[in-house]
Amino acid sequence: MRDNVGKALQSIGQFGIFEEYTKHDMAHIDAMLETYDWLIPQETQQIMTSAEWLMLTLATYFHDFGMIVTRDEFDRRNESDFPAFVDQIANSLKLDDRDYESHLSGLSAEKRERFLYQEFVRTNHAARIRSWLSDEPKRELGFDERVCALIKEVIGRIEPTFIDDLGYVCESHHRNDLDDTSRYPTDKPYGRTAAEAANIQYIAILLRAADLLHITRDRTPSVAFRIINPKNPISLLEWAKQQPVRTVRPKRVINSDAESETRTSADTIEVHATFTEGRGFFGLTTYLQYAAQELKKCASWARDSAARSAVEHTFPWTKIDTTHIAAKGFVAKQFEFRLDQHKVLDLLTGHTLYNDTSVVVRELVQNGIDAVRLQKLIDNDPQYVPEVVVRWDAKARLLTVMDNGTGMTEATINENFLHVGASRYQSDEFKRRFPEFSSISRFGIGVLSCFMISDDVRVLTCHPEEEKAREVTLESVHGQYLMRVISKSSSEIPSEIQAHGTAIQVRVRETAQLQDLRKILRYWIVVPGCDVFFDLNSERERVGHSSATEALQEIVRSLTLRRGNLTEPPEVRTVNYPGLEVAFVVEWDRWFREYSLVATPGQSRNAVFDPASNALASEHNEGLAWAGTLIEGIRVSARSPGMVGGGVWAMANATGLTAPRTNVARTALERGDEFNSFAEKVYGAYVAHVRAEVEDMQKSRGLSLTRAVFEVPYIARAFLGNGPEERSETPQLLSAAQKKLPVYVLEDTTGRRPTSLSELLTVQEFATVDNEVIEGVDSLLSSLRRSVTMREMFDFVGVREFDLPDVPVLRLGRSSSMLFADLFRAMFEVTEIKAIEHSTLECRWRPADPSSRLWVSNFDARSRQRIGMAGLHEFNMSDRVWAPVGPVANHGTGDAQLVRISDDVYILNDHPALGIETIAEDTPTWMTGWIAAIVVGAIISRDPNLRRAERYAQRDRVSLILSGLRNSGLLTVFKEESVVAAIEKMSTQILDPRYSWRSHGSSEFTS
């Protein structure tokens, strides 16, 4: 068996896979077998059975077999789940993975493919060997039939159940479920005698530990790549390159009674290594931190099984001593950040973190809600009624928060409740047992908030696994505490928690500011998902609602809205996504027959809700904030979801594993993929409402398409505000959502339809047509009670003066233009301008290419930055002027130099301003175009100084413009005489088919 296994393992590293770093040959197996000599305590070696030694030896032989890759397997890699694995890597790279991404991008296509398959195999190699040991290898994991046949030949005719467990043990060294004794039993018989039974869990623990600890010069563990490589691959490369580790052994300690004698430590392993370069040092020490954590888990698993099953196998190792790891040329001492526990606890219990004493109530209640939700999941009993009770004794100033949830064992109290930052719900073991459970508590510091208001905290808890209740009294955050054991039937234990549950009693200091508890509870606890009650003076009141919709409906009912044309009360609409409920307020406008989104009342950008003073809520609505973002039903913010001020009057409740994470103080959401998804769905709910309104206005209310689209900016006004940068937490996502609003009408040969900026991007070319007839027809179409196209209208009245373009025609409505002008200008640009008898202007448009823009504007901030100017303060330019910097076709414009398209002025190709010369040679086109736009903008501006100059003389206007350019610093870039010549040749006439010809400052101008 040894010879056959050795030959097979020699193939690891062929074909460019696993060839760089790590050895998985017989030397690795021999090193692990030697490690067992000291890793297994002598007393345990004496009781281990033949079946256990055989299982341990075979698992050691085969645990890395899954890393064998033959050429045939690699050639058939796409038959496995490898393609999906590659897609997953591409989709999951975050900012922290830039080094990893850089490493991938630096590889050739062939090497990248081999590297990625190496990662696929490394990730799955433990599962692969279990699959290969079975009768039906899984194709999705990849395999070669010849390797599977070799394994069968090597193992021979061993009992099938034993082989199944061997597969579990081999797989276990890359799993985190060794506490599962149903998978890894502590007493598994394979025959009639005691020698034929095995503690499978203990064998899995030994295999895991020995594999972790084989880090001497001949090998870097494969798990190290998973732990370190995504963060700092250089550290790992240096570690492997330098081969620094000399030995790993039990720590030597000196006996206190005889200094010359030494013994081995009972729980500590020491590592001896010397580096010649510092980066490898960090790689190894980072790995050893991980290894030490894994050893602690192994010891905990073995200890728990010994307590439950009375097995005598022990695993004492819990620490790794790294003091013997050095780097040449560096100070012979390891430095690290240290915490001042006293000061850190003061920070966590004071106003620095929370700045609000009401969070004490929130933290205690949300802990209770987590406990009852978990108990319901564990019980799966329809008779169980989860309940959290908040009780306030004003005379004794005693606050009690009680739940009939899971309760706490003594171990939970010690390892989680009293362990700052160690939330039970965030542990790997908990997540494995309850993978779908999403807790409100995350940070393990909530109980510390009690010391903001109290120096006397009493905890009573009952757990079904323990015969008696536990009591812990906390009198100071810096003290040490005693635990008292009490009979569950004692009168000290509330009857509600005697079966299971926890009661926390907080005696509030006289000086502590904890005002109206009823308002505080109603503010924070919105959709608890269980019964929450507030007991005051023997009266009980329910807290919270069944949904965000119900909560928002109560708020709406409690307010008196003073709106002149409001004949019906506002309504609450709801959009539900998986894990997210979005409720928002709409109101019916009886004149325009539409449901518009309602803005959040009374909010400003800097408004902060104070639940004690109820600053943002009506004095009559008893603690209800207008809007809010909820995570698992607990309020995080009182603002409109996804906004920093104003916004739609709405409430959103995110639940489950996809919910956004909050900051430590639970006052805001952390940025990340979950938050972006949350914001996109909230904004999407508003867009869906607007689109539904446009459809209903046509189908159910008898309005035309043109009229319905014209109303969109008014329906969505609360969603649009004053610009995404001023109001949204995610301006880009808000802008993307606003681009989906149907604010334009697009007509082609198939008909007339609403369209959005996003949809318009899919149209390769479209046209706009402006003249007095089009304006009149558009107004008429808006007034009709059915949807009619312009082509149908022209045919009906017999208009033959001009034909509509052969591409889709876009109508730029006035209201839409004002609200969406900036977005439209950034996304599209004119490619062709065609004037027809000075009465019609037809323009062709295309999606803008940022790398080759055709136009530059006088308002272009990027151009100012490229020249180094802070701004043009000398001019009060009211018109946005565009100058061509790329090929734009003009037809039929005659001697016109300027043309107005929508609300902007465009300079035509032969305009004198385009000839202004710069002082430097080889001036880029964008710069000459930009100065042309500035000069023209100044000339046609409504600035009073320029208007007065026009009345007197041309030279006065030139002088005033030159002064402005000089003071703005532009005359250091452009030639003054060239500017003067251009101004003298300019005409102020603007071709605008809606008003015929017009000239600023002359009698020909009409407005």
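Modeller: A residue is called buried when its relative accessible area is under 20%, exposed when over 50%, and partly exposed in between, with a 1.4 Å probe and protein chains only. By that rule, 54% of the 1007 residues in the chain are buried. This is a predicted model, in which local features need pLDDT of at least 70 and side-chain atom pairs count only at pLDDT 80 or more, while totals for chains, interfaces and linings use all residues. Residues are numbered from 1 along each chain as its sequence is written, and side-chain values use heavy atoms, with hydrogens and water left out.

The chain has 35 helices and 33 strands; these are DSSP runs numbered from the N terminus, H or I of at least four residues for helices and E of at least two for strands. Contact means heavy atoms within 4.5 Å. Of the contacts in the chain with a separation of 6 or more, 67% are between residues 24 or more positions apart.

A nonpolar core is a set of buried Ala, Val, Leu, Ile, Met, Phe, Trp, Tyr and Cys residues joined through side-chain atoms within 4.5 Å. The largest such core has 71 residues, and the members touching the most others are Tyr-36, Leu-39, Phe-62, Ile-151, Leu-166 and Phe-315. Helix H14 (residues 278–309) gives the most to this core, with 12 residues. A second, separate core has 68 residues, including Leu-734, Leu-823, Trp-855 and Trp-882.

Helix H2 (residues 26–39) has 14 residues and reaches 19 Å from its first C-alpha to its last, close to the 20 Å expected at 1.5 Å a residue; the expected span is 1.5 Å times one less than the number of residues. Its buried residues are Met-26, His-28, Ile-29, Ala-31, Met-32, Thr-35, Tyr-36 and Leu-39. Tyr-36 and Leu-39 are also among the members of the largest core that touch the most others.

As for rings, those of Phe, Tyr and Trp (its six-membered ring) pair if their centres lie within 6.5 Å, with planes under 30 degrees apart counted as stacked, over 60 as edge-to-face and the rest as tilted. The whole structure has 29 aromatic pairs. Phe-430 and Phe-434 have ring centres 5.0 Å apart and planes at 45°, so they are a tilted pair. Phe-430 is buried at 6%, and Phe-434 at 12%. Phe-766 and Phe-828 are edge-to-face, 5.5 Å centre to centre with 75° between the planes. That pair links distant parts of the chain, 62 residues apart: Phe-766 is in strand S23 (residues 766–770) and Phe-828 in strand S25 (residues 828–836). Both Phe-766 and Phe-828 are buried. Elsewhere, ring pairs join Phe-74, Phe-82, Phe-85, Tyr-117 and Phe-120 into a cluster.
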